[in-house]
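Keep the structure open beside you as you read.

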Amino acid sequence: MGWVGRLFDARDTLARMLLLDLSGVGYLVFGTQAGRSPTVTQWILAATAFAVALGFHRRPLGNLVGQAALLAVAIQVIDDTTINQVGASWALLELAMWAPRPRVIWLAAGLLATVDLTNSIGDPFRRILSGVFGLTVEVGVPLLLGLVIRTTRELARQAEERAAAEQRRRESESRATRADERSAIARELHDVVAHHVASMVLRVGVARHVLTDLDPRVGEVFDDVHGTGSAALADLRRLVAVLRDPDGVRGDAALTAIEPSALPAALGAAVDRARQAGVTVEADIDPAVGALDAVRGLAVLRLTQEALTNVAKHAGTSALARLSVSVVDGAVHWEVSDNGRGWVPAELPSGGGHGITGMRERVEVLGGRLEAGPTGAGWRARTVLPAAVSASAPTASPLPPAVTPAPSPPREREAPAAPPAPEPA
């Protein structure tokens, strides 16, 4: 019944009335009874019926009353009342589709039936029965069709409401499920991860104060571990706050961005931390990164931290790493590579993490494309963060001309063997 609903749409009443009037004109010109030309009175009644249909196309009750009155007159003064009968029946159809209350429909049907039966007053009983049977065509058919269209439209509306309610229910359940998952993750972070990190920071602090006669280099390591652990605790607290109440911390820029002017210092701190771990880092950082927007600035910082951590983890603590960050025409060109010639201690596990996956997702959100893979004996990761990101579909930014390595999973290297112990003299 979808096509019926479109055919009898409330916005198309004027078009339906125009078609009905044109059909009536065609009947008067070509289809009158016995080939007789319509009389002047018939033309007048027909033209009046056409005008009423057009004038009241938005008011079905007024149209029905007008057409019923014209039909009553036509029954008394002319022989061929087809035009007025069709006009009255169509008016009943429109009223049955759009009347605000069903009682109005039944009263209108009764009015039209009464007018039709006036044509049988004084006739023999058999002709009266024929007139009553004719009501099924003049009143019953338009009434039935109008009620069917009305019911179909109402059922469609109810189906749409049920679908919308079901969609709202699913969204509500999904939000509740996500909230439960966030709460569970927040509890684990707070009760397990944060607890252990806090314990480590506390023990390092105690050791720093208890062990007074330390080598200055050991003291620097303790201070670095203590500072790194404290920063990790602060990040964990903010992350737990986000998980427990995302709306309550949505305005906290520290959770989603970094102050642009602080980016060079933050990149320098990441380089220093890698150097303290034993990695030799050659850094070429464009001062223009201090003017980046906060979101891309945070992405550059996180990419650098993850890439340098991967160098220490996979290439070894004595490897040579090169960091390059430059801004060209508003686009950020970022690259970290290493020579893969370090030494990975046996107690340092390698491979199998989600770092490369997280880096790739962060880059793709900003409209770039991360390339990560082996290059010679080492490893290279690079990307270009475009100056303007399309809101509809991220577009991969062009990289400098080079051989593009095939996409690969998070790298897993075979750690270089530890140097052999010197033989006793």
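## The sheet

Two strands count as paired here if DSSP finds at least two bridges between them. In this predicted model, five strands form an open sheet with mixed pairing, in the order E1-E2-E3-E5-E4. Strand E1 (280-285) and strand E4 (371-375) are the edge strands, and each of them pairs on one side only. On average, neighbouring strands of this sheet are turned by 10° against each other, direction ignored.

E1 pairs with strand E2 (residues 320-328) in the parallel sense, over six bridges. Ile285 stands opposite Val325 in E2.

## Helices on the sheet

Helix H10 (residues 263-276) packs on the sheet and touches E1 and E2. The direction of H10 makes about 165° with that of E1.

Helix H11 (residues 294-315) also packs on the sheet, where it touches E1, E2, strand E3 (331-338) and strand E5 (378-385). The direction of H11 makes about 10° with that of E3.

## The buried face of H12

Now turn to helix H12 (residues 355-365), where Gly355, Ile356, Met359, Arg360 and Val363 are buried. Seen down the axis of H12, its buried residues fall within an arc of 130°, so they line one face of the helix. An α-helix has 3.6 residues a turn, so residues three or four places apart point the same way.

What covers the buried residues of H12? The cover includes helix H11 and strands E3, E4 and E5. Just after H12, Gly367 takes a positive phi of about 90°.

Note on methods: Residues numbered from 1 in each chain as written. Predicted model: local features only at pLDDT ≥ 70, side-chain atom pairs only at ≥ 80, totals over all residues. Heavy atoms only, no water. Helix = DSSP H or I, 4+ residues; strand = E, 2+ residues; numbered from the N terminus. Axes fitted to C-alpha atoms, helices over the stretch in contact; angles between N-to-C directions. Contact = heavy atoms within 4.5 Å. Buried < 20%, exposed > 50% of the residue type's maximum accessible area, 1.4 Å probe, protein only. Arc of directions from axis to C-beta.
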